Amino acid sequence: MVIGSSKEEELEFIDDKYARKFIAPQDYDPKTLVSNFSFESLIFKHALRLAVTVMIGYGIGTIFDFQNPYWILLTIIIILRPSYGLTKTRSKDRIIGTLIGGAIAFIIVSLVQNTYLFAVLGIGSLIVAFSMLQRNYKTAATFITLSVIFIYGILRPDILTVIQFRILDTVIGAGLSFLATLVLWPAWGFLSMNNNLRNCLIANKNFLREIAAFYSLNEKNLPP
């Protein structure tokens, strides 16, 4: 509170119409949707790649009668990204984090059989996982695995089987995601690098041209 200010004084906020100028508007033109129905669109290829990979993962989980086949689908949806590099990194971090979490959970379960302790560890692991999700995905995957295993440990007595299928489903989902970026309509960034650089230079040239025209116009309007 500022010293000397009256209680009736109110804060002045920026007008809504003026504030909207700083927000990039969303374009919902149907032409944008139609233009993406082409194999030249990275969004279309990623959507098609994701759909096919999810169907393959669901088929594997159903045919081989996995305990929780939807874990494969969740892993694919979370890991698979439009770019090869990001998918590769997330696949590696997800597998390593799941293996570490499964090993820690196995040690704890082998030493302790207490549902109340599992509940506390499950909730605590989930909180840590969400707090680390944007900072360190490998650590987040570790605590997500711990949380899922401990929560299932409350519901199911065969918690060691849960650990086994959790690791297996994650490895299959991550493997399918990585293979999909290589086989199913891969999008390599270096192929479009020349076009991106060309468009960037054209945009910068137009921007500088507009600035030069603006100052040239103002200079002409100045009084002698």
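**A tour by questions**

Colleague: The charged end of Arg90 sits over a ring; which residue does that ring belong to?
Modeller: A charge counts as sitting over a ring if NZ of Lys or CZ of Arg is within 6 Å of the ring centre and within 35 degrees of the ring normal. For Arg90, the charged end is 4.3 Å from the centre of the ring, and the ring is that of Tyr137.

Colleague: Before we go on, what kind of model is this?
Modeller: Residues are numbered from 1 along each chain as its sequence is written, and side-chain values use heavy atoms, with hydrogens and water left out. Local features need pLDDT of at least 70 and side-chain atom pairs count only at pLDDT 80 or more, while totals for chains, interfaces and linings use all residues, as this is a predicted model.

Colleague: How many helices and strands does the protein chain have?
Modeller: Both are DSSP runs numbered from the N terminus: helices are H or I with at least four residues, and strands are E with at least two. Along the sequence the pattern reads α-α-α-α-α-α-α-α-α. The count is 9 helices and 0 strands.

Colleague: What share of the residues is buried?
Modeller: We compare relative accessible areas, using a 1.4 Å probe and protein chains only: under 20% is buried, over 50% is exposed, and in between is partly exposed. Of the 224 residues in the protein chain, the buried share is 26%.

Colleague: Among contacts between residues at least 6 apart in sequence, what share joins residues at least 24 apart?
Modeller: A contact here means heavy atoms within 4.5 Å. Among the contacts you describe, the share joining residues at least 24 apart is 72%.

Colleague: How many aromatic pairs are there in the whole structure?
Modeller: Rings of Phe, Tyr and Trp (its six-membered ring) pair if their centres lie within 6.5 Å; planes under 30 degrees apart are stacked, over 60 edge-to-face, and the rest tilted. A search of the whole structure gives a total of 6.

Colleague: One of them joins Tyr70 and Trp71; what is the angle between the planes?
Modeller: The two ring centres are 6.1 Å apart, and the pair is edge-to-face. The angle between the planes is 70 degrees.

Colleague: Which residue has its charged end over the ring of Trp71?
Modeller: Both Trp71 and Tyr152 are buried. The charge lies 5.1 Å from the centre of the Trp71 ring, and it belongs to Arg166.

Colleague: Where is Trp185?
Modeller: Trp185 has a positive phi of about 45 degrees although it is not a glycine. Its relative accessible area is 31%, so it is partly exposed. As for its place, Trp185 is in the loop between helix H8 (159-183) and H9.

Colleague: Which residues does Leu50 contact, leaving aside its neighbours within four places in sequence?
Modeller: Leu50 is in helix H3 (residues 42-63), and it counts as partly exposed because its relative accessible area is 22%. Its C-alpha atom is separated by 8.5 Å from that of Arg81, 31 residues apart along the chain. The contacts of Leu50 beyond those neighbours are Ile76, Ile77 and Leu80.

Colleague: Last one: which residues does Met132 touch, not counting those up to four places away in sequence?
Modeller: Met132 is in helix H6 (residues 115-132), and at 22% relative accessibility it is partly exposed. The C-alpha atoms of Met132 and Phe143, 11 residues apart along the chain, are separated by 9.0 Å. The residues that Met132 touches are Tyr137, Thr139 and Ala140.
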